[in-house]
Amino acid sequence: MSEPDWLVEGRPHLWRPYCQMKTANPALPVVATRAARLVLDDGRELVDGIASWWTACWGYNHPHIAAAVEAQLRTMPHVMFGGLSHEPANRLATRLAKLLPGDLDHVFLAESGSVSVEIAMKMALQFHINRGVKGRTRFLAFRGGYHGDTLATMTVCDPDEGMHSLFAGAMPQQLIGDLPRDADSTAALEALVAAHAHELAAIIVEPLVQGAGGMLFHPPEVLRTLRRIADDHGLLLILDEIFTGFGRTGTMFAMEQAGIVPDVATLSKALTGGTMPLSAAVARRPVFEAFWSDDAGAALMHGPTYMAHALACAAANASLDLFEGGGWRDQVARVSAGLEAGLGPCREMKGVRDVRVLGAIGVVELERVDDLEALRRAFLAHHVWVRPLGRVVYLTPSFTISDADLAQLTGAVRAVVAGL
Ligand SMILES: *Cc1c(COP(=O)(O)O)cnc(C)c1O
């Protein structure tokens, strides 16, 4: 089987993500996407179980999103956002403010998830500075958490299990706690926060699902407890909805299931339906008001070059049009039922620690994986694109995946897990 020239020529020059370049399987050449499928250079089609890191919630090449991006491209691809504004960004901010609960009304647009988390952290630090409170410079984050790969976001990821443990000594040390799941862990967390409240700016957590850290679920009560602890000690609460936002857990935002409103929420991933990079840090009114001043020095000094990218905002608006149709609730419920039915039998299999499903997220957690690259190859043999996070095999397909493609995905997981 001959490889295309562009693949062979580019390979030595591309430094690939999360990749031991020496030993990893070669990256697959994708030449097109169709609905929930990746089309490879040799004509093979893989059913996509990940929807490109759960961004492509409508599947690929959705005609409504494509048309919106094409029209925007012809009118105006991008202008700087300093001193200038445009309809796609203004409409998007209005819609996000309306869609998010409570007074989460102030939308700061950026290009990537990590950058939106950086902005949320910066907002929290400066919130206290602007109010004349000194020394609140650290964050409380949680074991199992993942908030990005940039330097500041690395400090609020799980320090041991996460992929950034190498850097432990090189970074500011944040306070890392266990989620308050029961009376004991709640008491332990309360004691930890009480001892450190004077130096803490905010609590940061992924609501309901800790995604890249291992697809770990927690119940909504955990978030209500965190909201209460934050309020008791004058801390801001940042909910990182980058993974969970836009329907993935069955509600538009995971925070809705807990009935709480964070002080800042971060959004990205499915914001544009997987079409363009875009993110947002959305603040409640009291946070915004801490920056509202006659003093220029109290302003938020941030402004990514490509922030509020017009094509990306057009894609996001088109994706929100699709959400407004409302059909996504039934689609997520259908995918959820398919995941439960298709993955459930793995509970009885040897070497399986846990099977769990929430919304359009299905997880088969194995006891251990000896050869991750071999496991990845095993999925390819079944013509599916599934990339386990270590011993965590997960599916986050598009909401629009056909029943047949979904069955092929779950069937492949059953076959591969049974064969281990
Ligand atoms: C993916 C992710 C991020 C980082 O987003 P990037 O766009 O990769 O920078 C942050 N937080 C969560 C919860 C994520 O899933």
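Predicted model: local features only at pLDDT ≥ 70, side-chain atom pairs only at ≥ 80, totals over all residues.

Trainee: Which residue is the bridge partner of Leu 358 in β14?

Mentor: Strands of a sheet pair through backbone hydrogen bonds, either parallel or antiparallel. Here, Leu 358 has Ile 361 of β14 as its bridge partner. Strand β13 and strand β14 (residues 361-366) run antiparallel and are joined by six bridges.

Trainee: In what order do the strands of this open sheet lie?

Mentor: The open sheet has three strands, ordered β13-β14-β16, with antiparallel pairing. Its edge strands, β13 (352-358) and β16 (392-395), each pair on one side only. From one strand to the next, the twist averages 10°.

Trainee: Which strands pair with β10 in the parallel sense?

Mentor: Strand β7 (residues 200-205) pairs with β10 in the parallel sense over four bridges. Strand β11 (residues 264-267) also pairs with β10 in the parallel sense, over three bridges.

Trainee: Why is β10 described as largely enclosed by the rest of the structure?

Mentor: A residue is called buried if its relative accessible area is under 20%. In strand β10 (residues 236-240), five of the five residues are buried, so the strand is largely enclosed by the rest of the structure.

Trainee: Which way do the residues of β10 point?

Mentor: Leu 236, Ile 238 and Asp 240 point one way from β10, while Leu 237 and Leu 239 point the other way; all are buried.

Terms used: Residues numbered from 1 in each chain as written. Heavy atoms only, no water. Pairing = 2+ DSSP bridges. Helix = DSSP H or I, 4+ residues; strand = E, 2+ residues; numbered from the N terminus. Axes fitted to C-alpha atoms, helices over the stretch in contact; angles between N-to-C directions. Buried < 20%, exposed > 50% of the residue type's maximum accessible area, 1.4 Å probe, protein only.
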